[in-house]
Amino acid sequence: MSWSLHPERALPSGELRPISREIYHAIADLPLVSMHGHVDVRAFAEDAAFPDPAQLLVVPDHYLVRMLVSQGVPLPALGIPPMDGAGPAGAPLETDPRAIWRRFCSHWALFRGTPTRYWLEHELIEIFGVTEEPSAESADRIFDEIAAALERPDFRPRALFQRFNLEILATTDGATDDLAAHRSLARQGWGERIVPTFRPDPLLHVNRPDWAGQLAALSQITGVDAHSYEGYLSALRQRRRDFRDAGARATDHGHLLADTTELSAEEATRIFAAALSGKVTAQEAQAFSGHMLFEMARMSCEDGLVMQLHPGSLRDHDRAVARRYGHDKGFDIPIHTEYTRALRPVLEAFGHHRGFRFIVFTLDETAYSRELAPLAGAYPAMRLGAPWWFLDSPEGMRRFRESATETAGFYNTTGFVDDTRAYASIPARHDLARRIDAGFLARLVAEHRMGLDEAIETAIDLSYHLPKAAYPALPH
Amino acid sequence: MSWSLHPERALPSGELRPISREIYHAIADLPLVSMHGHVDVRAFAEDAAFPDPAQLLVVPDHYLVRMLVSQGVPLPALGIPPMDGAGPAGAPLETDPRAIWRRFCSHWALFRGTPTRYWLEHELIEIFGVTEEPSAESADRIFDEIAAALERPDFRPRALFQRFNLEILATTDGATDDLAAHRSLARQGWGERIVPTFRPDPLLHVNRPDWAGQLAALSQITGVDAHSYEGYLSALRQRRRDFRDAGARATDHGHLLADTTELSAEEATRIFAAALSGKVTAQEAQAFSGHMLFEMARMSCEDGLVMQLHPGSLRDHDRAVARRYGHDKGFDIPIHTEYTRALRPVLEAFGHHRGFRFIVFTLDETAYSRELAPLAGAYPAMRLGAPWWFLDSPEGMRRFRESATETAGFYNTTGFVDDTRAYASIPARHDLARRIDAGFLARLVAEHRMGLDEAIETAIDLSYHLPKAAYPALPH
Amino acid sequence: MSWSLHPERALPSGELRPISREIYHAIADLPLVSMHGHVDVRAFAEDAAFPDPAQLLVVPDHYLVRMLVSQGVPLPALGIPPMDGAGPAGAPLETDPRAIWRRFCSHWALFRGTPTRYWLEHELIEIFGVTEEPSAESADRIFDEIAAALERPDFRPRALFQRFNLEILATTDGATDDLAAHRSLARQGWGERIVPTFRPDPLLHVNRPDWAGQLAALSQITGVDAHSYEGYLSALRQRRRDFRDAGARATDHGHLLADTTELSAEEATRIFAAALSGKVTAQEAQAFSGHMLFEMARMSCEDGLVMQLHPGSLRDHDRAVARRYGHDKGFDIPIHTEYTRALRPVLEAFGHHRGFRFIVFTLDETAYSRELAPLAGAYPAMRLGAPWWFLDSPEGMRRFRESATETAGFYNTTGFVDDTRAYASIPARHDLARRIDAGFLARLVAEHRMGLDEAIETAIDLSYHLPKAAYPALPH
């Protein structure tokens with residue numbers, strides 16, 4: 001029997017199956033709204049063929065890499081090179097994509113029960129037409145099949161965009177990015193479909209090694225000297241305008257803590273100056289980054305950019321891995337994250353502002369029912385983002401709906417937001433979210449807590465209307 | 001088709017349905033024991049007609065108000081006036097109850113998946129006989145229907161008390177309340193059915209603006225000068241006696257933290273004096289409030305009043321809303337709450353005391369399996385209260401049973417305790433809890449972890465015998 | 001109808017039943033691998049008959065004792081004597097095992113919905129052939145039945161070992177234990193089947209009252225003067241070798257916190273000296289115990305002993321109970337436990353070491369999806385232990401699989417590890433875990449997230465191969 005996807009996968013079993021199937025069928029073919037992604041915009045601007053299967057599906061996917069590493073496969077054996085000057089890799093660097101692919105396929109069993117397995121099944125079968133399950137034995141044949149597909153024009157990024165039924169996709173772009181790729185896309189008529197997102201993290205963390213360089217880049221690209229606190233704010237404000245003019249709808253902020261405490265102008269100025277002279281403490285830098293979230297919220301009230309906050313990941317838990325192989329290698333680990341007090345400054349100041357939209361994500365599920373749903377269920381500016389990263393999974397999404405809905409309702413959530421750097425996984429992720437929502441709603445229907453007509457309407461809202469409404473287009 | 005309640009709503013579907021139905025039928029008609037409520041006792045003493053539908057069902061319900069606010073409806077548009085001298089409301093004050101009702105009905109979809117929706121359906125259909133779903137279109141007709149009912153004598157508070165099948169209802173009363181309404185009820189033969197609860201929060205938080213006034217009122221009503229630490233303790237002790245004499249069975253304590261650390265008499269005296277002279281710090285006030293929980297426990301050992309603790313809500317998260325519109329407007333947000341260390345002083349001192357009963361609630365679900373069930377499953381004095389506030393919901397109650405039962409068992413919980421200021425929602429809340437418990441027990445039966453006869457006996461205990469036993473009548 | 005165990009107990013109901021039954025049948029009879037137990041090794045060395053039913057099943061079982069205590073049964077009424085010089089017990093000491101047994105049987109309803117009930121049903125019916133449910137009425141007959149069985153040779157510890165289908169059982173042994181019982185077992189041919197585990201907690205907590213005595217014992221048994229920091233490390237290293245030579249495969253560490261922060265040699269030496277002179281602070285002792293976890297990990301890299309960490313239990317919450325009746329009386333209460341930062345020192349230093357295996361348990365379920373699964377899903381050295389203590393229960397194990405699998409997969413967990421001092425409960429615990437895993441896997445199959453063949457293979461791995469692989473035999 002050929003390897004295939006069951007049409008009713010990830011729907012609940014038993015008496016909930018027919019109800020969830022009916023709900024799912026009403027939303028299965030809705031266009032995808034992908035407002036928070038990490039695909040490199042240049043892939044679309046250049047629209048070149050993707051490289052080999054390993055470079056497309058294995059090497060850049062930190063979910064996949066970390067699972068193989070956790071079972072003893074060294075990073076270099078997956079084609080991840082040590083950085084220049086980082087010393088010996090500890091294992092020979094694999095340069096043969098076919099060997100990397102074989103290594104992955106022979107460990108297929110590791111992914112049982114994980115969303116990575118679910119997404120990859122979808123990608124291999126639906127996108128590449130693979131008909132046998134990955135294994136040491138089948139690895140080469142699958143490799144050849146995918147490699148052949150990647151040479152075809154209908155597997156170029158923009159062709160896939162159409163095939164994926166994407167309506168709009170947001171990329172994530174550094175605050176000092178020149179937006180050339182976005183301008184080029186706009187000239188080619190893609191400006192409404194691929195939009196940038198303003199991500200200023202490196203500029204808001206004044207004790208990171210690259211801060212000085214970022215500040216120089218910010219000064220250069222804006223023509224505003226950002227080496228004073230006032231200049232820095234002006235330059236950030238201008239860059240937000242540039243992004244907005246380039247079609248951006250949102251900013252994105254990845255901080256360790258959710259803290260948004262405003263500092264006095266004097267204190268902010270003082271810390272900024274200390275950072276400039278290289279004498280800032282870790283505590284001051286932390287306080288400054290929280291303060292800058294407050295400032296970003298204030299600017300959002302002015303310019304209308306939606307503010308997204310993704311706190312709670314301790315990046316580069318293994319610092320030696322980061323030094324040797326770089327960031328995003330699977331060693332970012334969540335921490336307990338406090339929201340009630342941390343978000344109070346921004347919410348008290350701007351939580352009722354008509355022009356402010358604040359979308360909050362979490363890696364700490366305990367905050368759903370305790371803090372985030374109560375906050376999103378009270379402040380008009382706040383929306384609760386979709387389950388993120390480790391939680392963007394069947395059980396994770398189910399727990400989110402079960403924990404958040406009763407207090408926040410459906411309409412204080414954003415609907416589905418994928419958050420991926422794996423382009424080919426976007427359809428799988430949206431499809432999975434729709435199936436899980438259909439299953440959750442089916443239970444409400446079966447327990448007579450909601451009518452089927454309402455469930456279908458809600459499912460359509462969660463899949464399509466809510467994400468669109470959460471990130472509105474701005475006049476520019 | 002007319003709008004109606006499905007008789008098997010909120011029961012699990014599939015093979016668990018018939019089992020849960022059988023369990024539910026054994027408990028559906030048991031009298032309601034409502035030992036923790038916030039209905040104003042004067043409603044019963046006066047037994048006047050309730051005002052219009054908006055004033056009964058919308059304006060005072062903070063669940064409902066916060067949901068509408070979260071979607072952009074300003075508080076004044078719901079008939080909530082700014083307080084005297086609080087400045088402009090920011091939106092015109094709606095004074096037409098019909099307009100408020102329309103506003104609510106036109107946002108009906110927001111409540112999908114929430115317990116508010118579930119309770120309101122029950123209230124509208126069961127109590128008021130409404131036959132169409134709220135919507136912008138149906139709003140006026142429903143308003144007229146309810147308004148007409150409210151004029152009828154069988155919709156007065158005491159008539160509803162009978163109709164609701166209430167056996168006993170506890171109100172919550174300030175420690176300086178004169179208990180006149182309760183005395184009046186007692187004279188009219190209602191003294192065994194409506195009882196007060198001693199709530200001294202404002203007296204135990206010595207840095208609140210109203211503390212001095214509370215202290216004066218305490219002195220006056222007791223004839224004991226409460227302006228010394230010793231006098232204060234004596235006066236509190238006397239007031240507890242007064243409440244007990246008026247039929248009270250319990251005290252209730254809403255604190256930010258669960259801390260119960262005893263201070264030395266010297267330290268307590270010192271902080272009390274500092275508070276009198278207006279020079280107390282926030283930290284001292286916090287310590288004093290924890291110390292007073294210890295003192296309240298000690299007094300409970302003496303007078304037999306059950307001690308209830310409801311910690312973990314950061315009241316008035318948005319201070320501007322509180323200043324302008326008052327408390328309890330939906331802006332109370334839970335925080336992470338620690339119990340293991342916080343309750344140790346009281347439990348070590350009195351946890352084995354024969355005369356002490358300590359009921360603990362939580363807004364932080366993470367404490368169920370980790371802290372609260374282990375504590376309730378060890379100390380004889382402690383019982384675990386029912387899911388509270390945001391957690392008094394189908395999924396919240398299900399998670400409570402799933403998380404707490406395996407360690408605490410059923411018999412270290414209080415059974416169902418509603419905690420509502422919405423009088424008309426009491427039957428809906430008890431009924432929902434019975435359905436969820438029936439569903440949970442049905443799964444244990446279906447998985448052969450419990451016999452059906454045991455499940456039915458347990459369900460009866462949870463619905464009726466346990467709440468009665470948790471709050472025993474005291475000789476007076 | 002005779003009291004009996006349903007063959008499909010603890011399997012999910014409905015359409016998942018037949019799938020889970022098929023998975024369960026594939027694993028039901030696999031041998032038991034019990035690598036983390038607290039049965040006293042002398043029971044096996046002596047192989048004497050167990051005493052009466054109360055001494056076997058009631059008195060030493062802290063789950064059972066705490067539940068009866070929580071409902072007002074005093075500890076002495078359960079045959080637990082006050083310690084010498086501890087003063088009055090507060091209740092007469094029960095010395096009649098039959099009376100203790102009656103007391104337990106008459107409270108049978110308290111255990112509804114708890115794993116204690118589930119385990120005891122299994123033990124009474126499967127092991128002792130009891131055919132009626134415990135009650136006040138049946139207590140004497142059941143007592144007689146069990147007492148008669150205990151006199152028979154096939155109820156001796158080693159005979160039960162065979163009957164239980166145990167392949168290997170690890171005991172837990174103090175670091176200064178002479179291992180005589182283990183040597184005796186080895187001489188009798190049981191050395192491969194019953195192995196010791198190295199548990200040095202009292203030596204690593206330098207402010208515990210028994211630390212000085214432990215240090216003297218360590219010096220004596222090793223012949224190394226452990227009264228200097230260097231000597232102490234050497235003696236510990238030597239004892240680990242002794243344990244390894246005696247067949248040990250692992251160490252076990254029960255700490256309040258998961259902290260593993262390394263101290264400088266100077267600081268460690270200084271604190272050790274302060275402890276020797278009795279002048280160590282609680283904070284220093286805490287820091288030293290964290291440091292010693294780091295040292296234990298370093299030694300594990302050298303000698304290959306698997307390192308097990310069980311943090312997060314605040315032992316002897318009620319200190320008066322501990323003083324009067326001793327430890328392990330049901331008053332150990334979990335606390336919130338942080339892992340991401342706490343384990344960073346050990347994981348950064350040794351997390352990629354080929355010879356290091358680090359198994360982490362938790363009593364704080366919130367860490368599963370947030371911290372532990374991400375860590376175990378990245379570092380090759382780390383494995384996530386099975387649900388432990390209060391969480392070794394149907395709902396607890398289900399939540400574990402649902403929360404941890406999507407990020408850690410199945411293969412970064414250890415499979416089932418029982419953690420019991422109740423010998424007769426071992427088969428029940430393994431059987432229950434197999435049923436719950438079968439049920440979890442059945443849902444994945446029913447939702448087309450995994451094939452049935454894969455589910456069966458995974459179930460076999462979780463029940464048998466993973467625990468064996470997690471604790472490999474060491475060459476000695």
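How many residues of domain 1 of chain A are in contact with residues of domain 2 of chain A? The answer is in point 2, after a note on conventions.

1. Conventions. This is a predicted model, in which local features need pLDDT of at least 70 and side-chain atom pairs count only at pLDDT 80 or more, while totals for chains, interfaces and linings use all residues. Residues are numbered from 1 along each chain as its sequence is written, chains are lettered from A and ligands numbered from 1 in the order in which they are written, and side-chain values use heavy atoms, with hydrogens and water left out.

2. Domains of chain A. The assignment gives domain 1 (16–47 + 163–470) and domain 2 (49–155); such bounds come from an automatic or database domain assignment. The C-alpha centres of the two domains of chain A lie 28 Å apart. In contact (heavy atoms within 4.5 Å) are 28 residues of domain 1 of chain A and 26 residues of domain 2 of chain A.

3. Area between the domains. Domain 1 and domain 2 of chain A bury about 2,300 Å² between them, 65% of it from carbon and sulfur atoms. Buried area is the accessible area (1.4 Å probe) that two parts lose on being put together, summed over both. On the domain 1 side, R163(A), R324(A) and Y325(A) supply 26% of the buried area, more than any other three residues.

4. Polar links between the domains. The count of salt bridges between domain 1 and domain 2 of chain A is 0, where a salt bridge is a side-chain nitrogen of Lys or Arg within 4 Å of a carboxyl oxygen of Asp or Glu. There are 4 residue pairs in polar contact between these domains (both at pLDDT 80 or more). A polar contact is a pair of N or O atoms within 3.5 Å; within protein, one must be able to donate a hydrogen and the other to accept it, and residues adjacent in sequence count only if both atoms are side-chain atoms.

5. Contact of chain A with chain B. Here 43 residues come from chain A and 53 residues from chain B. The area buried between chain A and chain B is about 3,900 Å², with 47% from carbon and sulfur atoms. In chain A, R370(A), E406(A) and H448(A) lose the most area to chain B, together 18% of what that side buries.

6. The rule finds 8 salt bridges across the interface of chain A and chain B. E457(A) forms a salt bridge with R112(B), with the closest N and O atoms 2.9 Å apart.
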